[in-house]
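This briefing goes through the side-chain contacts and local features of one protein model. Please keep the sequence and the structure open while reading.

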Amino acid sequence: MAGQLGGRWYLSGFEPIMELPANGYLTSFYSGNVDGKRLQDMLDYVAKYHVNAAPERVFSLEEVPKAHAYLDGAHSFGKVVVVI
């Protein structure tokens with residue numbers, strides 16, 4: 001994790017491509033690119049094309065360690081939600 005929540009913007013000695021597991025992928029997100037219009041455009045697209053935007057798995061708060069383990073595993077795909 002890098003950024004405001006991670007307490008630093010850059011990670012020294014980190015080679016993202018070399019750290020990826022086999023058949024893994026890398027994504028990024030910058031919240032400065034989000035605004036109301038872009039969010040509404042995405043929601044309109046989901047509605048128009050009936051995109052299945054459901055999370056892959058839902059975990060309880062007590063299952064947070066399981067959620068992390070699941071996301072770290074090679075078998076996970078998509079996003080998960082933790083319900084409080």
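This is a predicted model: local features need pLDDT of at least 70, side-chain atom pairs count only at pLDDT 80 or more; totals for chains, interfaces and linings use all residues.

Residues are numbered from 1 along each chain as its sequence is written, and side-chain values use heavy atoms, with hydrogens and water left out. Helices (H or I, at least four residues) and strands (E, at least two) are DSSP runs numbered from the N terminus. Buried stands for under 20% relative accessible area, exposed for over 50%, and partly exposed for what lies in between (1.4 Å probe, protein chains only).

**Aromatic pairs**

- Rings of Phe, Tyr and Trp (its six-membered ring) pair if their centres lie within 6.5 Å; planes under 30 degrees apart are stacked, over 60 edge-to-face, and the rest tilted.
- By this rule there are two aromatic pairs.
- The Y45 and Y49 pair is tilted, because the ring planes stand at 45°, with the centres 4.7 Å apart.
- Both Y45 and Y49 belong to helix α2 (residues 36–49), where they are four residues apart, about one turn of the helix.
- Y49 is partly exposed, at a relative accessible area of 48%.
- The pair F59 and Y70 is also tilted, since its planes are at 50°, and its ring centres lie 6.1 Å apart.
- F59 is in strand β1 (residues 57–60) and Y70 in helix α3 (residues 64–72), so this pair ties together parts that are 11 residues apart in sequence.

**Around F59 and Y70**

- F59 and Y70 are both buried, and the relative accessibility of F59 is 3%.
- From C-alpha to C-alpha, F59 and V83 are 6.2 Å apart in space, although 24 residues separate them in sequence.
- The charged end of R57 sits over the ring of Y70, 4.7 Å from the ring centre; this term requires NZ of Lys or CZ of Arg within 6 Å of the ring centre and within 35 degrees of the ring normal.

**Salt bridges**

- Side chains of opposite charge can pair when their charged atoms come close.
- A salt bridge here is a side-chain nitrogen of Lys or Arg within 4 Å of a carboxyl oxygen of Asp or Glu, and the structure holds two.
- One joins K37 to D41, with the closest N and O atoms 2.9 Å apart.
- K37 and D41 both lie in helix α2, four residues apart, about one turn of the helix.
- K37 is exposed at 58% relative accessibility, whereas D41 is partly exposed at 38%.
- Another joins K66 to E63, with 3.7 Å between the closest N and O atoms.
- K66 counts as exposed at 52% relative accessibility, and E63 as partly exposed at 25%.

**Side-chain contacts to the backbone**

- A polar contact is a pair of N or O atoms within 3.5 Å; within protein, one must be able to donate a hydrogen and the other to accept it, and residues adjacent in sequence count only if both atoms are side-chain atoms.
- S76 lies in the loop between α3 and β2 (80–83) and is buried, at a relative accessible area of 15%.
- The side chain of S76 reaches the backbone oxygen of L71 at 3.3 Å and the backbone oxygen of G73 at 3.3 Å.
- N52, in the loop between α2 and β1, is exposed at a relative accessible area of 68%.
- A polar atom of the N52 side chain lies 3.1 Å from the backbone nitrogen of A54.

**Backbone angle at H50**

- Most residues other than glycine have a negative phi.
- H50 has a positive phi, near 50°.
- H50 is located in the loop between α2 and β1 and is exposed, at a relative accessible area of 71%.

**Nonpolar surface patch**

- F29, V34, L39, M42 and L43 form a nonpolar patch on the surface, with about 520 Å² of accessible area together.
- Patches are made of residues with over 30% relative accessible area and no salt bridge, with like charges joined within 9 Å and nonpolar side chains (Val, Leu, Ile, Met, Phe, Trp, Tyr) within 5 Å.
- Accessible areas come from the Shrake-Rupley method with a 1.4 Å probe, and for residues only the protein chains shown count as cover.
- L39 is in helix α2 and is partly exposed, at a relative accessible area of 42%.
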